[in-house]
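Welcome, and thanks for taking a look at this one with us. Please have the sequence and the 3D view open side by side as you read.

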Amino acid sequence: MPMRRKQPAIRIGSPLHHTIEYILLLTGCLIIALSFNMFLNPNRIASGGVAGISTIIQHLFGIEPAIMQWVLNIPLFMLGLLFLGGQFGLKTAVASIVLPLFVLLSRDIGPLTTDPLLATIYGGIGIGAGLGIVFRGRGSTGGLDSAAQLIHKWTGIGYGIAVAMLDGAVIVTAGIVFSPEKALLALIGLFVTTKTIDVVQIGFRYSKVAFIMTKETEAIREAVLFELDRGLTVLAGRGGYTGEDRPTLMVVVSQTEETRLKTLVKAVDPAAFVILADASEVLGEGFKLHG
């Protein structure tokens, strides 16, 4: 009798699933707003994005950051909706309004530290955690991400390059308005934010994908299946020098199984050629469920 696959506890696309996504969106926006008001803005750390622009504008003209964020977010969202269509949905609209609202409501919370480096690190972690939660809810905060997508559409410049250009322009401006030291701190903050997003999205655990080329294909296949208790895929391959058929075994293992896999392969065929590479995320049976 075939084994029934485990189904997700919450069906994707169900009303409960959509509700959870919006809860994640609002929670992420709240964390971003608190991190902005408790760490970054009071210490004049403008690490890119619309939030960074609002910090600079507040210093120059005294305009409330939340107001400036609305002024930038809403038109950018409308342009994105007009020129990019379906890529901009209700969640982006909600975040474009709610995030500045949370910034406004939490503006009187005092800074938790006046040490610029600590503020940069903790602010970067908070912003990254908030963005990661928003992304887990399949949402977007809009802002300069919208501008980057428009630049990509109109000029053909890669989206990643466009984001780097816009964030870089904000950081350079902060260096001119505040000080070069603030620009360097903003770079640190941007780096911490990026890494924190990865942790929230993927987690601390990682997997490895192994490609094994060996003359003992069947023996290693059995060792992986029955001793390591992992599935594998046999890929068709051919030696570039000999021209002989040489099947390649592809195996995905957790970090705790990596050493055991290498030990098994070495015991069966010490001459086996093994390539191990990081797999940032693995979805499916034996690993994380889709969702």
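Predicted model: local features only at pLDDT ≥ 70, side-chain atom pairs only at ≥ 80, totals over all residues.

Here is a short briefing on a few side chains and ring interactions.

**Aromatic pair**
- The count of aromatic pairs comes to one.
- That pair is formed by phenylalanine 39 and tyrosine 122, which are stacked, with 6.0 Å from centre to centre and 25 degrees between the planes.
- The pair links distant parts of the chain, as phenylalanine 39 belongs to helix H1 (residues 15-40) and tyrosine 122 to helix H5, 83 residues apart.
- Phenylalanine 39 counts as buried because its relative accessible area is 10%, under the 20% cut-off.
- Tyrosine 122 has a relative accessibility of 47%, so this residue counts as partly exposed.

**Leucine 118**
- Helix H5, which spans residues 116-136, contains leucine 118.
- With a relative accessible area of 39%, leucine 118 is partly exposed, because the value falls between the 20% and 50% cut-offs.
- Once neighbours within four places in sequence are set aside, leucine 118 is in contact with Thr113 and Gly123.

Notes
Residues numbered from 1 in each chain as written. Heavy atoms only, no water. Helix = DSSP H or I, 4+ residues; strand = E, 2+ residues; numbered from the N terminus. Buried < 20%, exposed > 50% of the residue type's maximum accessible area, 1.4 Å probe, protein only. Contact = heavy atoms within 4.5 Å. Phe/Tyr/Trp six-rings, centres within 6.5 Å; stacked < 30°, edge-to-face > 60°.
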